[in-house]
Amino acid sequence: MHPVLTLVAQRFALGLLLLFAASALIFAGTMILPGDVAQSILGQSATPEALENLRRELGLNEPPLQRYFSWLFNAMQGDLGTALTNGRDIADSLSTRLGNTLFLAFWAAVVSVPLAIFLGLLAVRYKDRWPDKLISAVTLASISIPEFLIGYVLMYFVSVRLGWFPSVAMVNSSMSLFERLNAIALPIAVLTLVVLAHMMRMTRAAILNVMQSAYIETAELKGLSSFKVIYRHALPNAIAPIVNVVMLNMAYLVVGVVVVEVVFVYPGMGQYLVDHVSKRDVPVVQACGLIFAAVYICLNMIADIVSILANPRLRHPK
Amino acid sequence: MSDPMLKVRDLKIGATIYPPGEKPRDIEIVHGVSFDLERGKVLGLIGESGAGKSTIGLASMAYGRGGVELTGGEVWVNGRDILKSRPGDIRALRGAEVTYVSQSAAASFNPAKKIMEQVIEAAVEQKKFSRRDAEERARVLFAKLGLPDPENIGDRYPHQVSGGQLQRCMTALALCPQPDLVVFDEPTTALDVTTQIDVLMAIKEAIKDTGVAALYITHDLAVVAQVSDDIMVLRMGEMVEYGPVDQIINAPQEDYTKALVSVRSIDHEEKAPTSEPVLKVEGISARYAGLAHDVLSNVSVELHPGQTLAVVGESGSGKSTLARVITGLLPQRSGQITFAGRALSPDLAGRSREDLRELQMIYQMADTAMNPRQTVGTIIGRPLEFYFGMKGAEKQKRIIELLDEIELGEKFIDRYPAELSGGQKQRVCIARALAAKPKLIICDEVTSALDPLVADGILKLLLNLQKVEDVAYLFITHDLATVRAISDTIAVMYQGNVQRYGSKTDVLSPPFDDYTDLLLSSVPHMRLGWLEEVVVNRKMQSGGN
């Protein structure tokens with residue numbers, strides 16, 4: 001078998017193992033939360049009989065290990081259980097929410113990743129001159145300001161004063177793609193400002209590291225322009241560290257957008273999770289945790305695999 | 001008569017240096033060098049490291065490496081002074097009129113791109129040829145340079161071809177845009193002697209066929225004598241002597257040139273084996289994890305106290321692997337190592353502290369073998385503490401003794417490695433090995449990274465120390481001149497086997513086996529026309545490269 005396939009298969013198996021471990025942690029974590037679910041559903045005035053009945057109904061009297069495996073087994077078949085608070089099927093409620101979150105994350109990534117890499121290249125080209133310093137200053141400033149503040153500031157200026165985009169990012173299934181994009185323009189802008197600095201600085205550092213190599217001198221002595229030297233000869237050798245940071249930030253775009261979703265009242269997973277945490281709806285919290293873990297592990301696995309594929313020595317063995 | 005292709009007048013080159021603990025200051029590294037180079041001629045630039053030869057070579061492309069700046073003088077290429085050209089014009093010159101072949105092709109090829117793409121890039125980018133014509137040209141050059149499978153080798157990645165082949169690809173890269181001048185910067189220094197001949201011959205023919213002018217930079221006078229028409233000897237940024245190759249080799253005027261031309265000054269009488277060997281290697285076989293074949297097969301050698309065993313061979317012959325097995329870094333699959341009368345555990349973890357102390361090692365790169373943040377005193381003092389528990393004044397006294405032994409002296413005790421020259425660093429490494437009072441020191445290519453005159457000094461020091469301390473050396477090298485200078489016994493290795501083994505006189509006297517003959521005949525001689533003779537008379541090709 002081709003050695004790359006072996007490596008990729010290994011990563012894949014490791015990813016699955018990690019997901020399994022994460023599911024155990026999530027389950028154990030929600031188990032050791034203080035308090036009793038049945039109690040919190042029925043309130044302080046519930047009779048002991050009613051509590052006992054509800055516990056039996058929810059399966060809370062079963063041994064934890066058995067509950068874990070039946071939960072895991074059902075989750076693997078797409079059955080995430082029902083929400084305690086409203087009795088709805090969690091998978092159903094989650095799917096539209098997850099779709100919305102992924103939609104927002106996807107478009108934020110489409111804007112921010114190429115922009116970050118381009119700015120990184122530009123910073124390398126004008127290293128230690130004013131464009132480099134300006135890019136660093138602006139991106140660092142934007143990452144340092146809390147995202148809800150950027151959100152409200154943008155909302156005030158761009159939508160209230162200028163009236164360009166709506167301030168509330170409400171989307172529903174009857175809207176066209178353009179209408180949706182228009183609705184999420186501001187959240188995209190906020191998320192881009194948040195993730196830009198990290199990716200841009202990693203691109204800059206990774207490429208500067210490669211710029212010391214002898215083959216960069218060879219390229220310069222071929223009479224190539226500085227920008228061609230950077231993107232043609234330096235960038236392909238700096239892919240691995242860049243992809244790793246890009247994937248970490250994409251994961252953040254999926255699992256870390258709670259604040260932005262709340263600020264813009266966007267019907268995504270973050271809001272759903274926050275709602276149900278406050279209501280102590282354990283099955284929903286577990287389901288969200290599992291999905292977030294899967295997204296995180298999946299994106300990092302992709303980063304690992306891209307890093308492997310970016311290495312010509314592994315792709316083309318002797 | 002028309003102007004020469006390259007005309008350099010009073011070239012001055014400066015750099016800013018940052019000495020530790022001092023303010024940065026500007027120094028001049030080339031002090032007014034002048035020469036002419038006609039079309040189709042080859043000028044050899046020769047000197048030790050720091051002589052400024054690479055810097056001058058790159059100046060012909062108006063390029064300053066690192067913080068180097070071209071501060072004065074004129075460099076005329078094809079009738080215009082490129083030091084006064086605009087950046088855009090300089091870019092148009094690089095890769096089109098003047099091209100460059102570097103010392104390490106392995107580092108100079110982009111690992112992420114196919115060879116063909118890199119070879120034709122300058123020609124296409126500078127619009128000298130269409131992509132198709134450039135590829136055709138590259139294939140012709142691959143064939144001319146003797147590369148295997150010239151039709152398809154361009155589709156491979158740099159790591160998929162050997163070092164010697166890649167060096168030839170680099171030459172194709174330089175010749176592809178049909179330049180007027182090629183700068184060859186030590187193009188064969190990183191290669192085995194046997195491979196060097198092939199590459200040298202390929203370069204020489206390619207220069208002749210294409211009629212380009214060339215600057216050939218090297219520290220090896222014997223090599224430059226084979227390819228040049230004229231030679232300029234440089235020392236510390238100044239011209240020492242400049243003349244036709246015949247005059248420089250056969251009738252050098254200056255003392256420095258005479259020192260370069262004269263052969264090694266060491267004469268070492270071989271010693272007869274004594275009673276009991278200090279190291280006995282019997283039937284060792286070893287392989288690296290994941291490899292299906294042995295890197296060493298059935299290797300047996302002996303080394304007597306106070307003597308030197310030279311292990312010689314090309315890269316990939318298994319000589320460094322043998323050192324790894326003896327030091328316990330790579331446990332052998334079979335065979336037995338006896339050291340100082342006791343069997344050595346194959347595994348490093350199974351060896352006693354006494355085993356470790358009595359077997360020390362010196363490496364090729366003294367730079368990377370020392371902690372840059374420790375002073376010389378700390379570096380040498382560590383084994384004294386570790387093996388003998390020395391402290392305070394006692395340790396200090398011993399460190400100074402050792403510094404005296406390596407001819408550096410007490411004033412070096414507080415210096416950091418970065419403040420030492422290459423030769424001085426290697427001396428500190430020797431002192432660190434000696435501090436453990438070893439019975440055996442493994443020297444892995446310890447002089448390969450040094451200039452010839454400095455290397456000479458290190459070898460003399462090692463021989464003197466051997467007399468005083470009665471220590472045995474296992475001396476790994478690819479350089480036969482070094483072997484001749486220092487060894488008592490020699491093992492010639494080829495593809496993991498000991499090809500020839502015996503006393504120095506026996507190994508170096510005919511009749512030879514084919515491989516030893518190839519190895520011995522490949523060492524460049526300081527004689528015009530040697531290259532052509534040896535290529536005609538060779539019995540076999542070099543292995544694997």
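Is B:Lys504 buried or exposed, and what is its relative accessible area? In this predicted model, B:Lys504 is buried, with a relative accessible area of 11%, where buried means under 20% relative accessible area, exposed over 50%, and partly exposed in between, using a 1.4 Å probe and protein chains only.

This is a predicted model, in which local features need pLDDT of at least 70 and side-chain atom pairs count only at pLDDT 80 or more, whereas totals for chains, interfaces and linings use all residues. Residues are numbered from 1 along each chain as its sequence is written, chains are lettered from A and ligands numbered from 1 in the order in which they are written, and side-chain values use heavy atoms, with hydrogens and water left out.

B:Lys504 belongs to helix 18 of chain B, residues 504–507 (helices are DSSP runs of H or I with at least four residues, strands are runs of E with at least two, and both are numbered from the N terminus). Leaving aside neighbours within four places in sequence, the residues in contact with B:Lys504 include B:His268, B:Glu270, B:Val483 and B:Arg484, contact being heavy atoms within 4.5 Å.

We turn next to the interface. Chain A contributes 21 residues to the contact and chain B 25 residues. Together the two chains bury about 2,300 Å², with 54% of it on carbon and sulfur atoms; buried area is the accessible area (1.4 Å probe) that two parts lose on being put together, summed over both. Of the area that chain A buries against chain B, A:Glu217, A:Leu221 and A:Lys222 supply 30%, more than any other three residues.

Between chain A and chain B there are five salt bridges, each a side-chain nitrogen of Lys or Arg within 4 Å of a carboxyl oxygen of Asp or Glu. A salt bridge joins the side chains of B:Glu121 and A:Arg232, at 2.8 Å from N to O. On the side of chain A that touches chain B, the elements giving two or more residues are helix 10 (214–221), helix 11 (226–234) and helix 16 (312–315) of chain A, and helix 10 gives the most, with six residues.

The cysteines complete the picture. A search of the whole structure finds zero disulfides over all chains, a disulfide being a pair of cysteine sulfur atoms within 2.5 Å. A:Cys288 is in no disulfide, and the nearest cysteine sulfur, that of A:Cys298, is 17 Å away; A:Cys288 is also buried, at 0% relative accessibility. In chain B, the sulfur of B:Cys429 is 11 Å from the closest cysteine sulfur, in B:Cys443, and is therefore too far for a bond, while B:Cys429 is buried, with a relative accessible area of 3%.
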